[in-house]
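Good morning, and thank you for coming.

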Amino acid sequence: MATLLKGAEVAAAIDQETSALVAQLKEKGTTPTLAVLRVGERSDDLAYERGAAKRCETVGIAFRRELLPADATQEELMAAVERLNSDPSVHGILVFSPLPRHLDLKAVRDALLPEKDVDGITEGSLAGVFTGSGKGFCPCTAEAAVRVLDHYGVDCTGKSAVVVGRSLVVGKPAAMLLLARNATVTVCHTRTPDIAAVTKKADVVVAAAGCMNMISADHVSPGQVIVDVGINWDDAAGRLRGDVDFDAAEPIVSAITPVPGGVGSVTTAILAAHTALAAKNAK
């Protein structure tokens with residue numbers, strides 16, 4: 001039976017640090033504030049928004065909503081970004097994506113101030129991840145994946161790590177963070193032939209393809225550590241599932257994150273932590 005790498009324990013440790021920083025900032029007259037910018041009413045956005053709001057309440061961060069209808073124009077969206085950029089009381093901005101097809105997310109990324117980009121979507125933030133400069137903020141989910149490994153004492157030095165997925169949200173930044181922890185990293189994607197042959201040889205696998213149960217028993221080996229970033233709704237079962245077939249993989253591997261109960265709670269904890277840091281850094 002594999003060890004379960006539960007996110008609640010990791011999130012609680014992060015929250016403790018964030019709460020202490022928030023208290024210090026409030027003593028100096030600053031209340032860290034996160035604003036979410038949401039277009040439309042996507043169910044997954046709403047679920048994440050509720051989780052983020054609850055996390056902010058837990059650590060003492062103020063939470064604001066900037067809501068636009070699904071048929072909002074690009075001009076209305078950019079005006080909302082500018083309002084939040086120019087509001088000194090807002091320290092962190094979370095833009096929900098994907099946006100409706102008629103809207104341009106790149107324009108939003110280009111306009112968003114990097115110092116308020118607490119989910120790491122701007123080129124300035126991503127440059128900090130790829131160069132290792134420490135500037136800006138890493139995408140929260142990618143950071144959550146490696147923070148789980150850190151918390152549970154998984155030393156990646158000299159280990160073989162495979163990331164399944166190459167998005168800028170998780171796959172690519174997670175690969176950079178693993179490299180920074182001295183792992184030897186391979187990135188697999190939809191054009192990789194025989195992914196199972198690659199993942200079976202890894203010490204650590206980060207599943208971030210966004211495809212339910214993509215990683216099966218055939219993809220894993222004894223002794224591996226599996227971090228499942230996937231969040232997929234299984235209509236047949238009426239529940240969330242990850243990118244890993246948990247029931248098939250768990251008896252084989254050494255340690256694995258459950259879905260739900262794994263990376264998700266750590267992601268919102270990091271979002272709150274980034275907001276507190278942004279408030280600390282604000283001039």
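**Pockets**

The largest pocket holds about 1,400 Å³ of space. Before I go on, please note that this is a predicted model, in which local features need pLDDT of at least 70 and side-chain atom pairs count only at pLDDT 80 or more, while totals for chains, interfaces and linings use all residues. Residues are numbered from 1 along each chain as its sequence is written, and side-chain values use heavy atoms, with hydrogens and water left out.

Let me define the terms. On a 1 Å grid over the protein atoms alone, a pocket is an open set of points where a 1.4 Å probe fits, with protein on both sides within 12 Å along at least five of seven lines; lining residues have an atom within 4 Å of a point. Grid points are joined across faces, edges and corners, and the volume is the space filled by probe spheres set on the points.

The largest pocket is lined by 42 residues, and Asp44, Tyr48, Thr141, Val229 and Ile231 are the closest to its centre. Which element gives the largest share of this lining? Helix 2 does, with nine residues. Helices (DSSP runs of H or I, at least four residues) and strands (runs of E, at least two) are numbered from the N terminus. Helix 2 (43-59), strand 4 (92-95), strand 9 (232-234) and helix 10 (263-281) each supply at least two lining residues. By class, the lining has 20 nonpolar, 15 polar and seven charged residues; here Ala, Val, Leu, Ile, Met, Phe, Trp, Tyr, Cys and Pro count as nonpolar, Asp, Glu, Lys and Arg as charged, and the others, Gly among them, as polar.

The second largest pocket contains about 690 Å³ of space. Of its 33 lining residues, Phe137, His274, Leu277, Ala278 and Asn281 lie nearest its centre. Two or more lining residues come from each of helix 1 (7-27), helix 5 (123-131), helix 6 (140-151) and helix 10. Helix 10 has the largest share here, seven residues.

**Cores**

A nonpolar core is a set of buried Ala, Val, Leu, Ile, Met, Phe, Trp, Tyr and Cys residues joined through side-chain atoms within 4.5 Å. Buried means under 20% relative accessible area, exposed over 50%, and partly exposed in between, with a 1.4 Å probe and protein chains only. The largest core has 55 residues, and Leu34, Ile61, Leu149 and Leu178 have the most contacts inside it. Helix 10 gives the most to this core, 10 residues. Apart from it lies another core, of 17 residues, including Ala80, Leu84, Val95 and Ile121.

Leu149 deserves a separate word. Setting aside residues up to four places away in sequence, Leu149 touches Val154, Cys156, Leu178, Val204, Val225 and Val227, where contact means heavy atoms within 4.5 Å.

In helix 7, the buried residues are Gly171, Pro173, Ala174, Ala175, Leu177 and Leu178. Their cover includes helix 5, helix 6, strand 5 (160-164), strand 6 and strand 7.

**An aromatic pair and a buried glutamate**

How many aromatic pairs does a search of the whole structure find? It finds one. Rings of Phe, Tyr and Trp (its six-membered ring) pair if their centres lie within 6.5 Å; planes under 30 degrees apart count as stacked, over 60 as edge-to-face and the rest as tilted. The ring centres of Tyr48 and Phe96 are 6.1 Å apart and their planes stand at 90°, so this pair is edge-to-face. Because Tyr48 lies in helix 2 and Phe96 in the loop between strand 4 and helix 4, the pair ties together parts that are 48 residues apart in sequence. Tyr48 is partly exposed at 23% relative accessible area, whereas Phe96 is buried at 5%.

Beyond its neighbours within four places in sequence, Glu49 is in contact with Val36, Arg38, Phe63, Arg65, Leu67 and Phe96.

**Backbone**

Most residues other than glycine have a negative phi, and most peptide bonds are trans. The peptide bond from Ser97 to Pro98 is cis, with omega near 5°, and Pro98 lies in the loop between strand 4 and helix 4 (105-111). The bond from Val259 to Pro260 is also cis, with omega near -5°.
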